[in-house]
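Please consider the following briefing on a protein chain and its ligand.

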Amino acid sequence: MTRQLDDDGRLRHLLTIAGLPAALLTEILDTAESFLPETGPPVKKVPLLRGATVVNLFFEASTRTRTTFELAAKRLSADVLNMQVEHSSKTKGEHDLDTLFTLQAMGADVFVVRHPDNGAAAGFAEQVAPGVAVLNAGDGSHAHPTQALLDMLTIRRHKPDFSGLTVAIVGDVRHSRVAHSDIDALHALGAREIRVIAPPPLMPAEPGNLGVRTHDRLAEGLAGVDVVIALRIQHERMQRTLDITPEDYRRDFGLTAENLQALPADALIMHPGPINRGVEIDADIAYGPRSVILEQVRNGIAVRMAVMAMIAGGRHRV
Ligand code: NCD
C-alpha cells in the first residue's frame, strides 16, 4: 500500500481517509477553519504555495471538486493547470502514466487526480518523483478523501461533539466513494452511530465490515439522527441496471417534505452533489432551512487549501 505519511508522520499524499490518525484529520480541519472567516467567502489570497504548480488531472467529469481545487490552489498563490483528459491526447491513445510523466516534466508539484478506476490515485502516487504529491479527488467507488474532510468540517461547525453523533447515509452507498470516505472519517473522529438506509441493491456488500447499521425503511432509519447525507444513484458504476423507477425511489428513499417528518428538527441535511432533483432529494429540501449543501461547497475550498498547504507547504521548489 502506498504510504500517505512520511517518516515524521506528515502528510505526503492524500489517497484515502482509511488509516489516517484522528489527530491528523483534526489538524486538517483546524487548518481549514483558519481559512474560513465567520461570514462571506473563504480567505483572500495567501502566498503559501507561491512558485508551486498544481495540476488538476481529471479523467472523469466534475463540477464542484475540480473548481474548488482550482480556487483553493489559486488562493494559495500556486500556478494551476487544468487537464480534462477526455479532451487531450488520451483520445490519441496516450497511456495515463505518460500523461502523468509529461505533466511532471513541466514541473508539477501536486497532482489532483480523479479517475474512474479504484486505486488509480495510489497507482500514480507510486510513480511520481520524490517531492511530488498526489491528492485523490475520487477514484472509482473507492475513496474521495477531501469530500469526506469537507463533510466533517461542515458537520463540526454545527455539531462539534462527534461522540454524540448519529449520522444516516441514504441511498447508493454501495457505489459511493463519498460514502466510503465519510464512513472512515466518522469512525476516526469517534461518531457514535453510522446508519446506512438503502434498498438491497444499493447497500454495501458487507456492511458489517464497515461498522454501520443498516435500515431498509427511511422513517425507521431517520429516527433520532443528527445528520442525514443523501447520495446520487450512481448508474455509471453499476454492473446491472437498477430495477427501481425514479418515482418509486423518491417515494421510498427520497428526501421529500413528507418523508422527512421522521427527521429531528435540528438535523442537518447534506449531499455531496450533483443532486438529481426529485429523485434522491427535492429542490425545496436541498435549499431549505436545514440544508447545509452550499456550506459543503464553500467549506470544500478551505479544506482543499488546508490539505495542499500541509502537503506542499515548505516542500516544493520555490
Ligand atoms: C461525487 C463524486 O464525484 O464522487 N461528487 C463530488 O465529488 N462532489 C458524488 C457523485 O458523483 O454522485
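How far is an oxygen atom of the ligand from an N or O atom in the side chain of Arg-232? The distance is 2.7 Å, a polar contact (a pair of N or O atoms within 3.5 Å). The model is predicted: local features need pLDDT of at least 70, side-chain atom pairs count only at pLDDT 80 or more, and totals for chains, interfaces and linings use all residues. Residues are numbered from 1 along each chain as its sequence is written, and side-chain values use heavy atoms, with hydrogens and water left out.

**Ligand site**
- Around the ligand (a heavy atom within 4 Å) are Thr-65, Arg-114, His-144, Gln-147, Arg-177, Val-178, Arg-232, Pro-272, Gly-273 and Pro-274.
- This shell comprises three nonpolar, four polar and three charged residues, where Pro and Val count as nonpolar, Arg as charged, and Gly among the polar residues.
- An oxygen atom of the ligand lies 2.9 Å from a polar side-chain atom of Thr-65.
- A polar backbone atom of Gly-273 is 2.8 Å from a nitrogen atom of the ligand.
- The protein buries 93% of the 320 Å² that the ligand exposes when taken alone (Shrake-Rupley method, 1.4 Å probe).

**Overall fold**
- The chain has 11 helices and nine strands, which are DSSP runs (helices H or I, at least four residues; strands E, at least two).
- The radius of gyration is 19 Å, close to the 20 Å that the globule rule gives for 318 residues, so the chain is as compact as a globular protein of that length (C-alpha atoms; 2.2 Å times the number of residues to the power 0.38).
- The C-alpha trace spans about 55 × 45 × 35 Å along its principal axes.

**Backbone geometry**
- Most residues other than glycine have a negative phi, and most peptide bonds are trans.
- Gly-273 and Pro-274 are joined by a cis peptide bond, with omega about -5 degrees.
- Pro-274 belongs to the loop between strand E9 (268-270) and helix H10 (283-286).
- Ser-77 has a positive phi, near 70 degrees, and is placed in the loop between helix H2 (64-75) and strand E2 (79-84).

Definitions and conventions:
A polar contact is a pair of N or O atoms within 3.5 Å; within protein, one must be able to donate a hydrogen and the other to accept it, and residues adjacent in sequence count only if both atoms are side-chain atoms.
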